[in-house]
Amino acid sequence: MPTSFASAQLALDLVGVFVFALSGGLVAVKKRFDLFGVLVLACAAALGGGIVRDLLIGDIPPVGISDWRLLTAAALGGLVTFLFHPGVERITRFVRVLDAAGLGAFAVAGSLKAVTTPGVSPVAAVLVGVITAVGGGVVRDVLAGQVPEVLRRELYAVPAMLGSVVVVVAAQLGSLQDWVLWTAAGVVFALRMIAVRLHLNAPTPLRSNPL
Amino acid sequence: MPTSFASAQLALDLVGVFVFALSGGLVAVKKRFDLFGVLVLACAAALGGGIVRDLLIGDIPPVGISDWRLLTAAALGGLVTFLFHPGVERITRFVRVLDAAGLGAFAVAGSLKAVTTPGVSPVAAVLVGVITAVGGGVVRDVLAGQVPEVLRRELYAVPAMLGSVVVVVAAQLGSLQDWVLWTAAGVVFALRMIAVRLHLNAPTPLRSNPL
Amino acid sequence: MPTSFASAQLALDLVGVFVFALSGGLVAVKKRFDLFGVLVLACAAALGGGIVRDLLIGDIPPVGISDWRLLTAAALGGLVTFLFHPGVERITRFVRVLDAAGLGAFAVAGSLKAVTTPGVSPVAAVLVGVITAVGGGVVRDVLAGQVPEVLRRELYAVPAMLGSVVVVVAAQLGSLQDWVLWTAAGVVFALRMIAVRLHLNAPTPLRSNPL
């Protein structure tokens with residue numbers, strides 16, 4: 001990866017890891033897991049998406065288990081949730097804001113890392129961005145025994161995909177710059193927040209016989 | 001992989017991807033997911049097995065995220081299910097036929113790719129074939145919150161294993177040819193259909209105290 | 001990996017694989033899966049942790065699908081559970097002892113393999129040890145549709161982490177020897193058994209509103 005993006009990459013990763021650790025910790029608190037269950041679920045939610053990304057593009061071992069800064073951010077997020085969860089619960093609305101921020105950060109961080117990795121096609125880079133963004137939430141929900149939000153919620157994967165497309169197109173055009181990255185993350189964030197506010201959902205099947 | 005099998009490999013992959021996308025989309029429709037939930041589950045079911053296969057044998061990035069033909073087939077399967085699901089539901093029996101075809105296609109595609117990859121032992125190639133064949137269904141069921149069919153259904157993994165063994169033995173004997181591949185896929189399909197028709201199940205534990 | 005540890009590595013792997021196969025098979029029997037469901041879940045529980053470990057450190061294909069000795073041990077564990085499950089159920093207490101032994105064996109086997117792999121940092125090696133130790137149980141529980149024990153049980157991940165730390169510190173100090181490995185595994189086993197006996201749990205959140 002060009003050194004010029006290393007700091008943007010790290011900043012985006014840290015933002016995403018911390019807020020997804022909060023979301024994972026909150027789910028664990030609600031399920032009445034103990035301290036270590038909260039920490040484990042916070043770390044799985046925070047680091048899962050990035051670990052899958054690195055496996056898919058061949059960055060072994062994944063930064064999610066080797067970079068102490070990301071690990072610290074994940075554990076810190078879990079600890080904060082454990083200690084202050086009544087506060088965190090009251091600010092559920094704020095958590096959704098953070099979750100949208102994490103979605104944007106991870107979509108951009110994932111597609112940026114993929115598109116700057118030799119041998120990864122543009123199409124693959126977009127998908128890696130989406131998987132990075134939604135992966136941690138999927139791991140969190142599967143471990144906690146609930147259907148992943150990406151499958152049943154207001155537009156969730158679509159903003160992540162749009163942000164990834166912006167990053168990959170910019171890379172193809174040779175105009176990948178810091179402000180493009182942050183703008184892309186901001187667009188994902190804004191679209192996701194609009195979907196949450198307006199309860200925008202994708203269309204559902206016209207009719208269906210329950211299983 | 002020898003070029004001579006590239007077209008058989010692609011054809012088998014495409015068949016498997018499309019029919020597993022139908023099966024994933026159908027489960028999503030029944031769970032009342034929205035359009036994007038249907039597409040995500042269809043793609044996860046269709047591409048999951050192949051992605052795990054490629055991670056296990058070191059083909060990075062996996063074709064499941066980099067080959068636009070497979071991605072298109074997966075998305076198309078999801079879209080078809082979303083648009084025509086009452087029809088698809090009525091033809092559930094036909095879907096089981098397709099599912100058996102996918103099982104055969106993926107068992108052969110997986111073991112073929114593994115056995116022609118340097119450094120993969122014959123035993124590993126057989127297992128990679130089985131994992132390719134059943135992996136997408138496992139991903140689909142775990143995401144949808146149901147126990148994977150491979151664990152509770154009529155003989156499912158066994159036909160896949162037999163097909164993989166045929167491919168790997170043929171490779172060892174130096175007699176890997178197109179007709180062997182399609183025959184192996186046909187045998188898996190036939191055995192699976194016989195198991196479905198006759199409700200053949202493996203023996204269950206003699207007695208068990210419920211948890 | 002230094003040849004000198006190859007036999008310890010294999011012995012630790014075999015112990016862990018066999019006892020986790022028993023635990024996976026037992027869960028499958030209780031869920032009334034058929035013979036192949038029992039074998040599949042036993043193999044997934046037994047080999048899942050090691051496969052994830054090898055993916056994370058880049059040992060492709062993972063030994064969990066290529067080493068016939070591990071595969072045989074896993075299948076044997078599943079078969080034993082299927083045939084003798086009333087006996088195995090009666091000895092649930094003994095199974096918990098075996099599970100603790102598997103935790104110790106896999107924590108040490110995982111961190112040992114990681115720390116002796118070039119390019120894996122000490123922090124990553126510790127985490128790989130923990131993931132190896134708890135990974136199989138997570139796969140088992142997710143497939144069987146129950147919340148993973150590591151999230152809701154008495155101290156489970158912590159003993160595994162302590163054992164991994166011992167191995168990695170010993171490696172850093174250049175004093176990695178067979179007796180250190182077996183002692184580390186023994187310490188994990190002892191701590192886990194103490195936690196089981198005393199029903200030691202990590203603290204739970206002070207209060208929580210159910211979801």
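**A close look at the side chains**

Modeller: Happy to. In chain B, a polar atom of the Thr117(B) side chain sits 2.6 Å from the backbone oxygen of Lys113(B). Please keep in mind that this is a predicted model. Thr117(B) belongs to the loop that joins helix H5 (92-115) to helix H6 (122-143) of chain B. With a relative accessible area of 19%, Thr117(B) counts as buried, because the cut-off for buried is under 20%.

Now to the aromatic rings. Over all chains, the structure holds 3 aromatic pairs. One of them is formed by Phe20(A) and Phe106(A), which are stacked, with 5.4 Å from centre to centre and 10 degrees between the planes. Phe20(A) is part of helix H1 (residues 6-30) of chain A and Phe106(A) of helix H5 (residues 92-115) of chain A, so this pair ties together parts that lie 86 residues apart in sequence. Phe20(A) is buried, with a relative accessible area of 1%, and Phe106(A) is buried at 3%.

Chain C has a pair to set beside that one. The ring centres of Phe20(C) and Phe106(C) are 5.4 Å apart and their planes meet at 10 degrees, so this pair is stacked. Here Phe20(C) comes from helix H1 (residues 6-30) of chain C and Phe106(C) from helix H5 (residues 92-115) of chain C, so parts that are 86 residues apart in sequence are tied together. The relative accessibility of Phe20(C) is 1%, which counts as buried, and Phe106(C) is buried with a relative accessible area of 2%.

For the wider setting, take chain A. It has 9 helices and 0 strands. Of its 211 residues, 59% count as buried. Among the contacts in chain A with a separation of 6 or more, 76% are between residues 24 or more positions apart. Chain A exposes about 8200 Å², and carbon and sulfur atoms supply 70% of that area.

Confidence in chain A is highest in helix H8 (residues 157-172), at a mean of 95, and lowest in helix H7 (residues 149-152), at 82.

How values were computed
Residues are numbered from 1 along each chain as its sequence is written. Chains are lettered from A and ligands numbered from 1 in the order in which they are written. This is a predicted model: local features need pLDDT of at least 70, side-chain atom pairs count only at pLDDT 80 or more; totals for chains, interfaces and linings use all residues. Side-chain values use heavy atoms; hydrogens and water are left out. Helices (H or I, at least four residues) and strands (E, at least two) are DSSP runs, numbered from the N terminus. Buried means under 20% relative accessible area, exposed over 50%, partly exposed in between (1.4 Å probe, protein chains only). A polar contact is a pair of N or O atoms within 3.5 Å; within protein, one must be able to donate a hydrogen and the other to accept it, and residues adjacent in sequence count only if both atoms are side-chain atoms. pLDDT is the predictor's confidence in each residue, from 0 to 100. Contact means heavy atoms within 4.5 Å. Accessible areas come from the Shrake-Rupley method with a 1.4 Å probe; for residues, only the protein chains shown count as cover. Rings of Phe, Tyr and Trp (its six-membered ring) pair if their centres lie within 6.5 Å; planes under 30 degrees apart count as stacked, over 60 as edge-to-face and the rest as tilted.
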